[in-house]
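Notebook open, viewer loaded. I'm jotting down what I look up as I go.

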Amino acid sequence: MPYVPHTPEDIRRMLGVIGAPSVASLFDEIPAELRPKSFDLPAGKSEMDVLAHLEALAKKNAVNHVSFLGAGFYDHHIPAAVDALSMRSEFYTAYTPYQPEASQGTLQAIFEYQTAVTRITGLAYANASVYDGGSALFEGAMMAVRHTGRRKLVVCEAVSPIYRVMLSSYTSNLHLELVTVPHKDGACDLAALTKALDADTAAVVVQNPNFFGTLHDFTALFAAARAAGVVSLISVYPVLQSVLKSPGEMGADVAVAEGQSLGLPLSFGGPYLGVMTCNKELVRQMPGRMVGRTVDTEGRTGYVLTLQAREQHIRRQKATSNICSNQALCALRALIHLCLLGQEGLTRTAETCIERAHYAAERLTAIDGVKLLSGDAPFGNEFAISLPVNAYKVIDKLSARGVVPGFPLGRYYQGLENVLLVACTEKTSTESIGIFAEMLRGALK
Amino acid sequence: MIPNDLKYAKSHEWAKIEGDVATIGITHFAQEQLGDLTFIDLPKVGATLTAGAEMGSVESVKAASELYAPVSGTVTEVNAALENAPEAVNQDPYNSGWMLKVKLASAPADLLDAAAYADVCAAEAH
Amino acid sequence: MNTVFKKSTEGREGVWPVKPEKSAADLLPAGLLRGKSAGLPSLSELDVVRHFTQLSKRNYGVDGNFYPLGSCTMKYNPKFTETAAALPGFTRLHPVLPQLKGAGRMCQGALEVMYETEQLLCEVCGMKAFTLHPMAGAHGELTGVMIMAAYHKDKGNKKTKIICPDSAHGTNPASAAIAGYEVVNLPSKDGIVDPDELAKVLDDSVAGMMMTCPNTLGLFETNLPKIVEMLRSVDALLYYDGANLNAIMGKMRVGDAGFDVVHLNLHKTFATPHGGGGPGAGPVGVSERLVPYLPVSRVEKLEDGQFFLNYDFPKSIGYVAPFYGNFGVFLKAYAYILRLGGNGLIRATENAVLAANYLRKRLDGVLDVPYDRVCMHEFVASACKQAASSCHVRALDIAKALLDRGYHAPTIYFPLIVKEALMFEPTETESLDTLDQFADDLIAILAEAEINPDSAIGAPRNLPVTRLDETRAARNMELTDDL
C-alpha cells in the first residue's frame, strides 16, 4: 500500500502488543448506525498514471496566450532559485514553529520577511502574513474597528471589487456599516472620501495603484483621517512600491498587500500571500502569527513566535482573529524573491512594468475611438481604456487569436461595459504590445 | 504577601482606599499565577469604572487575563511606567506595580479584607 | 546566524532584469515617488542560496525527522504531488480567466480538477456539496459558521449562540465569535461530550455546536447519535471540525452521522505539505439543506461534459476568497486521493489508528495515560507524575529532550483540559522501527531524568539554540531587523 510501511507481520506484532484481535476491532466504538452508507471511490492508481492524468488536464488549460490580464494579480518572472530554495523539504515539510529550537530556519525566515515587507511599506511592524490580500484588507479593517471602537468603514470604490465583495461577506454578521465612495472615471474621489470621514468612522480604505491602475498620493486624506481619529488603511502592490511613495511616507496606519507578485505563480488563484504591516499604535491589534527576536540561555540570538496572548489558542473567543497559521512557505518565497532581486532588481522590474504599460497605452490610444478612461491621471503598470464597443466583444475576438487583451471592467462596474483593464509586466514584450494594438485596430474596424 | 491595609476583590485586584481616592492593582497571588507579565492594557485617564466590570487585561507569554474593576469611579491617574516595564507588577505588585488611581463614585462595597482574601487564594491554589 | 540584511553589500548584482530605458522619475510625477529607498539587500545569487540553505538546516521537517505532533497529522507528503502542482498548465493560469465570458474554455482542465476534487470529498464525507474556497482550516471554520448563520437568517431563526466543548481547539470559539456568535463552553465527562451537560445549555437560541470526532483527546464521541437528535430538536446545526478525519475515513462518514457542515484540513489528512505553517486548504462540505448558502462561485458540469463557474446563488454567503481557494494546494490533495483510491484511504486510517494504539501501549505505565481505552489516530498522555515527583520534569522538558534526539516533540500546550499533556499522533506513514526507536528513546529520556533531572530540564543542547527567552521577546517586540 503506498506510503504505509507496515507488513502483515508488523501488523500482527502491533496487534499483539495492543491486545486487539484485529485492526477492525480498533473501530468497535463506532456504532453500526454510524457506519458509512457508501464509500464509492475509484481504485488507487500508480504514480505514473496519476501524473499522466494530471498532465492531460494541465494541457486543457490555455496558458500560452499573450496575456494582458492583471486586475491585481500579475505574471512576473520568478528567479529559478526561488523554487530551488523553497522546495527544500526542511522548509516545506515542517509545521508551524511551535518548538522554536527546532524551527530557527522557519522563524528567522519569517523575521526577515517581516523586515522586508516593513521596509517596502515604510511602517514599522508586520505579522507573519495571512491568507491573501483580501483577507489582509478585512483583518486590517477589523484592527481599525477594535482600535477605535467605531463601526463604520469608508471604502473607496476603486479598491479592488474582488476585495470589496470579500469585505462585505466577512462583515455581514458583524454589525458594521460599509460606506462606498464612488470613483470618478477610475480615479479616487479624494474630496468625497475626506468628506465622508466622521466621528463614527473606524477606517478609510484605499488602494494604490487603485483597481483601475491609477496612482494617488493620499497624504492629505490620511492627515484628515488622523485628525478625525480615523485609521488610514491602504492596500498596495509590492513590486511598484519599490518606486512609489510608501504608505509610511503618506502617513498610513495600516498597509496591506497581495504578495503574489513576489515570487508566487498565478496558480489559478492561490496559494497567495496576505501582507500586513502597521505602525506602533496598532501593533497590539495585529492578527495572526508574529515572530520576534530574543536570546537563548547562552545569550545567543534566536527567534520565537511572540505576542501569542492575542491569539485564538490562548484567548479563544476573545482572540483578535481566528487565524492560526500564516502562509509561511509563500512568505519564504516572497523573501527569497526580494533578496534575489534586491533593491536594484525590484526597482528595475517596476520601472520596466511602468515603461511597457505607458508604451502600450500610447499604442492603443492611437487607435480611433480608444481613450484612457482616467484621462491624464498618472498610472503604473495597468490602465483602463474605453472602447467604442463592449469589452467582451474585443476579448472574444482577440482571445480566439491568442491574445487575452485584458479584464472587462463592466463585470464589476455598471456603466463601464466598454472599458478594458490592461496590464503589463516586465514579461510583456514590446512586440506583443504591437501585435495587440494591430489586432485591436482590426477588431474595431 | 497579603497586606492588611488593603481591600481585595475575589478576582484578585487590590484597592487602597484613602478618602475618596482608591489606588488599585493586582495581587501577588494573581501575578504569580500569570507568570512574567509582558503587557498590561489599562483604561485611560477620565474613563469610568464600574465595580465588577472589565477594565483592562494583562498578558504573559502563555496566558491572558481580564482585569475587573474592584471599585466604581473615574480614572484620575494611570501608572505610565508599566507600559515599558510590566515586570514591576511581578516584582512589587503592591507598590511600584500599582495600576490606576480612581476617584470613587461611591463607597466601595463587597471588598474582602486580607484574611477573607487569603481564604480565596487558599481555595484556588487547590 | 546573521540576518540576510546584514549580509548585503552595496553594488553586488543579484538576479537583475535588464535596466529599462526610462526611470520612474521619467515616467511619473515626482510627488508620487518614494523619498526614502526601501533598502532591500544587495546580494549575489550564491549569497542568497547559501543563506537560505543554511537556514533550512536549522529546521526539523517530516522528511528528516519523525514528527508525532498531535492534532497536526504530520504524515509523509508524497513528492509526485509537487510535480503535478508545478505543471505550467496549472501554475501559469490566471485566476480571472473564467470571468471573461466564454473563457471557461481556456481553463477546462483546472475546472475539472475542482469539480472532481469536490466530488471525491463529497463521497469521502457523505456530504451533498463541497466548496474548495477556504484557504486554511480556520478559514474553513469561519466559512462553515457563516453558512450556518445564513441558514438561520434565511429561516427567520433568532439564534445567538454556538456551543463548543471544552476539549475543542481554541480556533472553534474564535471562529464562532468572528462570525458574530456568543460562545457557550460545554464541559466534558470522561473526555467526551455528555448529553446531560448539553441539555443544560441547549435551547432555542443555540445556532449550532462545533465538534470533532474523534475529539481532541483522540476519543470517539460515543454519544454522537443522541447529540444529533438533541440538536435537531431545536433546529441547531452540527458542525464537524475535520482536523481528525484521518481517524475515520471509510469507517464513518460525517454526513451519514448527521453533521450538517464539515471543514477539512487537506494539509493534514490529504498529505499536502504544511510548509512551516501554510499554505493550507480548508474545503467545506454541507448537507443538502445548506447547499444554497455555499460561497460563490461554484463549479458545475454541463451535459456535454464542459465545466463552468456558476455565480447565481442569491442565498450564498458571498465571497470568502479572491477566487477558488488555494488551487495549488487542493490539486495536490486531488492527486493524493487518486493515487490511494478508496481502499488506500481506508488503509491510511486503519494504520494511523493501529500506530497510535501501538505507541499508546508502548508508553503506557511510563507516562500517565488519563483516558486509558482504545484511542483513534492520536492519544493524550500526561507527565503529571513526573512533574509532581522529586525530579520536577514537566511535559515541556520531555518535549525539549526529544528535540535533542532528533524528534519533533508531541503537542504539549493542548488540550487544555489535561495537565502536562503530551499528545502523540504517529500517523500511518511511520514504520514500526521508527515507532519502536521513538518509544525506546522516550523511555530512556524519562529514566535518565529521574536520576538526573537536568538532562531534560536543560534540554535541548544539540540544536542551534537552547531555550529561548519568550518573555523578553514579548516585552521588547523586536519584530524586524530595524527595531
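I started in chain B, where two bridges join S1(B) to strand S2 (residues 13-18), the two running antiparallel. Tyr8(B) sits opposite Trp14(B) of S2(B). For my own record: strands (E, at least two residues) and helices (H or I, at least four) are DSSP runs, numbered from the N terminus, and two strands pair if DSSP finds at least two bridges between them.

Note on the source: this is a predicted model, where local features need pLDDT of at least 70 and side-chain atom pairs count only at pLDDT 80 or more, while totals for chains, interfaces and linings use all residues. Residues are numbered from 1 along each chain as its sequence is written, with chains lettered from A and ligands numbered from 1 in the order written.

Next I traced the sheet around S1(B): it is open, has six strands in the order S1-S2-S3-S9-S8-S5 (chain B), and pairs antiparallel. Its edge strands, S1 (7-8) and S5 (48-49) of chain B, each pair on one side only.

Over to chain A. How many residues of helix H7 (residues 161-170) are buried? I get seven of 10, so I'm calling the helix mostly covered (buried means 20 or more other C-beta atoms within 10 Å of the residue's own, C-beta atoms being placed from the backbone; exposed means 12 or fewer, partly exposed in between). Among them are Tyr163(A), Arg164(A) and Met166(A). The buried residues of H7(A) pack against helix H6 (133-148) and strands S3 (152-156), S4 (177-181) and S6 (231-236) of chain A.

Last, chain C: I find 16 helices and 13 strands. Buried residues make up 61% of its 483 residues.

Key. Contact = placed C-beta atoms within 7 Å.
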